[in-house]
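I opened my notebook to look up a few features one by one. Here is what I wrote down.

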Amino acid sequence: MSQTRHYQLLFNSRFYVLLSTLLISLLAIGLLRLQIADDQLYLIRLQQLFGLFCLIYWYIALIISPLGYIIGKQRLRQLEFARRAIGVSAFYFALLHASISLWGQIGGVGQIQHLPALFQWSLIGGSIALGILGVMAATSFDRVISYMTYRKWKMLHRLVYISWFLVVLHVWSVGTHLAYTAIQLVGLLALALLSGLEIYRIATRLNNKLRLGKAELSGLFLTIWAAALILILTIPTVVQNYHSRHADHTKAGHNEARR
Amino acid sequence: MILRLLISIFTVSLLLSTTAQAHILITDNTKTYGSILHIIPDDDPIAGQESTLYFDMQNRLVNNNTRVVLTIKDTRGNLASPAIKIDGTLATAKHTFAVQGLYELVFAVRSDAESYIFTHTQRVSRGIASSALDNPSYVWAEALIITTTTGLLLLLTTGIRHRHSIAKQSKM
């Protein structure tokens with residue numbers, strides 16, 4: 001006897017995530033238009049807001065698995081099910097962010113050559129991340145997964161970590177929101193939390209082979225996490241930040257004036 | 001390693017004191033070079049308060065003889081030429097926009113025998129106002145807000161109504 005799988009759109013959480021994403025983006029377009037009269041400033045704020053939305057959705061999609069590993073997959077099963085839609089939403093916001101930057105602010109692909117070098121490098125990093133996110137969004141359907149086989153699909157979707165790393169660099173090098181004190185602290189804590197949860201998952205899985213004691217496992221976890229945190233904290237010394245250069249320049253100017 | 005960590009923490013903390021910034025690409029009159037302009041605060045100057053203008057030029061435009069002259073013209077034709085400080089490819093000026101309105105910012109970059117003009121129109125819509133700026137109405141934006149808010153509320157109520165079926169579907 002064949003079982004019929006009852007499937008209705010209104011019973012699917014992914015439908016709600018995707019539709020609410022579309023409505024939120026349209027609401028943001030309308031709200032900002034009413035608040036900002038200047039077209040240039042309107043595009044800047046819209047681009048910033050969509051970039052921020054993309055980061056939030058992407059972060060949620062990334063943290064679901066390691067969080068579920070710790071607190072139990074059953075507790076997060078609804079979020080886990082909706083994760084693919086959350087990822088697609090992140091791509092949608094990233095696409096809006098990139099489109100407004102490219103055609104709204106810069107004035108088209110041809111204008112990229114007129115950007116300072118740091119912006120060009122940052123845009124390349126952001127574009128690669130967007131491309132990877134796009135491939136993942138395009139392969140986030142059941143039919144594609146069964147066509148690709150789950151193993152290959154999973155391997156492809158591990159590229160998310162590379163694209164996330166590129167986006168962190170992109171945001172750090174030219175990102176506007178990082179200039180806010182609160183956003184900087186939230187960003188740092190968010191990265192520390194995400195890396196901590198991921199490393200805990202990796203360390204405990206590794207322990208299935210190593211069979212370490214509790215204290216040794218804790219030591220292993222803390223060591224890798226500390227290394228990851230040092231890596232995060234060294235980004236400012238390795239990658240140039242556009243705004244810190246301006247802050248230094250202004251500071252130097254003030255010092256000269258005092259003399 | 002500890003020293004590097006401390007430097008990193010210091011750099012992060014130094015950045016904590018900056019205000020929000022964004023960027024505008026301006027190309028010169030010959031469409032050969034580009035520069036990034038951004039203004040503190042928030043690319044949205046406040047009339048009556050000092051703004052800092054950062055003009056970041058492309059490497060290939062700048063050499064040892066490069067000079068930058070900034071001229072700011074308001075709608076009445078009043079001109080101002082704030083002092084410019086150049087450090088590498090970055091030119092910085094401080095200026096207080098007197099009242100709200102439209103200002104034409106002209107950056108003249110002179111390098112050897114050549115000269116390139118970068119023009120940008122800046123709207124100042126915060127701070128001291130001599131006369132109200134024309135505020136265009138956007139009926140489409142109002143309609144969009146009403147439609148999307150209604151849509152979101154409908155979606156929310158539908159989701160709450162079907163919450164048990166949604167939870168069941170998520171287990172499959």
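**Entry 1: helix H7 of chain A.** I looked up which residues of H7(A) are buried. They are Val160(A), Ser163(A), Trp164(A), Leu166(A), Val167(A), Val168(A), His170(A), Trp172(A), Ser173(A) and Val174(A). I kept in mind that this is a predicted model. Next I checked the length of H7(A), which covers residues 160–174. At 1.5 Å a residue, its 15 residues should span 21 Å, and the end C-alpha atoms are 21 Å apart, so the two values agree.

**Entry 2: H7 against H4.** Two packed helices are described by the angle between their axes and the distance between the axes. I looked up both for helix H4 of chain A (residues 117–138) and H7(A). Their axes come within 8 Å and cross at roughly 150°. Angles over 145 degrees count as roughly antiparallel, and H4(A) and H7(A) are therefore roughly antiparallel to each other. The crossing is left-handed. On the H4(A) side, the residues that meet H7(A) include Leu118(A), Phe119(A), Ile128(A) and Met136(A). On the H7(A) side, they include Val160(A), Leu166(A), Val167(A) and His170(A). I noticed that Val160(A), Leu166(A), Val167(A) and His170(A) are also among the buried residues of H7(A).

**Entry 3: H1 against H2.** I then turned to helix H1 (residues 13–35) and helix H2 (residues 39–71) of chain A. Their axes come within 10 Å and cross at roughly 155°. H1(A) and H2(A) are therefore roughly antiparallel to each other. H1(A) passes H2(A) in a right-handed crossing. H1(A) contributes Thr21(A), Ile24(A), Ser25(A), Ala28(A), Ile29(A), Leu32(A) and Arg33(A) to the contact. From H2(A), the contact residues include Asp39(A), Tyr42(A), Leu46(A), Phe50(A) and Tyr57(A).

**Entry 4: chain B as a whole.** I counted elements here. Chain B has three helices and eleven strands. Of its 172 residues, 46% count as buried. Among contacts between residues at least 6 apart in sequence, 55% join residues at least 24 apart. Chain B exposes about 9100 Å², and carbon and sulfur atoms supply 58% of that area.

**Entry 5: Ser51 of chain B.** Is Ser51(B) buried or exposed? Ser51(B) is buried, with a relative accessible area of 0%. It lies in strand S4 (residues 50–57) of chain B. I looked up what Ser51(B) touches, not counting residues up to four places away in sequence. The list includes Ile40(B), Pro41(B), Ala93(B) and Phe97(B). Ser51(B) and Ile40(B) are eleven residues apart along the chain, yet their C-alpha atoms are separated by 5.6 Å.

Entry 6: Most residues other than glycine have a negative phi, and most peptide bonds are trans. I looked for exceptions. A cis peptide bond joins Ile40(B) and Pro41(B), with omega about 15°. Pro41(B) lies in the loop between strand S2 (34–40) and strand S3 (46–47) of chain B. Asp42(B) lies in the loop between S2 and S3 too. Its phi is positive, near 55°. Asp42(B) counts as partly exposed, at 21% relative accessibility. Thr149(A) is in the loop between helix H5 (142–148) and helix H6 (150–157). At 40% relative accessibility, Thr149(A) counts as partly exposed.

Key: Residues numbered from 1 in each chain as written. Chains lettered and ligands numbered in written order. Predicted model: local features only at pLDDT ≥ 70, side-chain atom pairs only at ≥ 80, totals over all residues. Heavy atoms only, no water. Helix = DSSP H or I, 4+ residues; strand = E, 2+ residues; numbered from the N terminus. Expected span 1.5 Å × (residues − 1). Buried < 20%, exposed > 50% of the residue type's maximum accessible area, 1.4 Å probe, protein only. Contact = heavy atoms within 4.5 Å. Areas by Shrake-Rupley, 256 points an atom, 1.4 Å probe, with all protein chains shown as cover. Axes fitted to C-alpha atoms, helices over the stretch in contact; angles between N-to-C directions. Parallel < 35°, antiparallel > 145°, perpendicular 65-115°, else oblique. Left-handed = near helix turned anticlockwise from the far one by under 90°.
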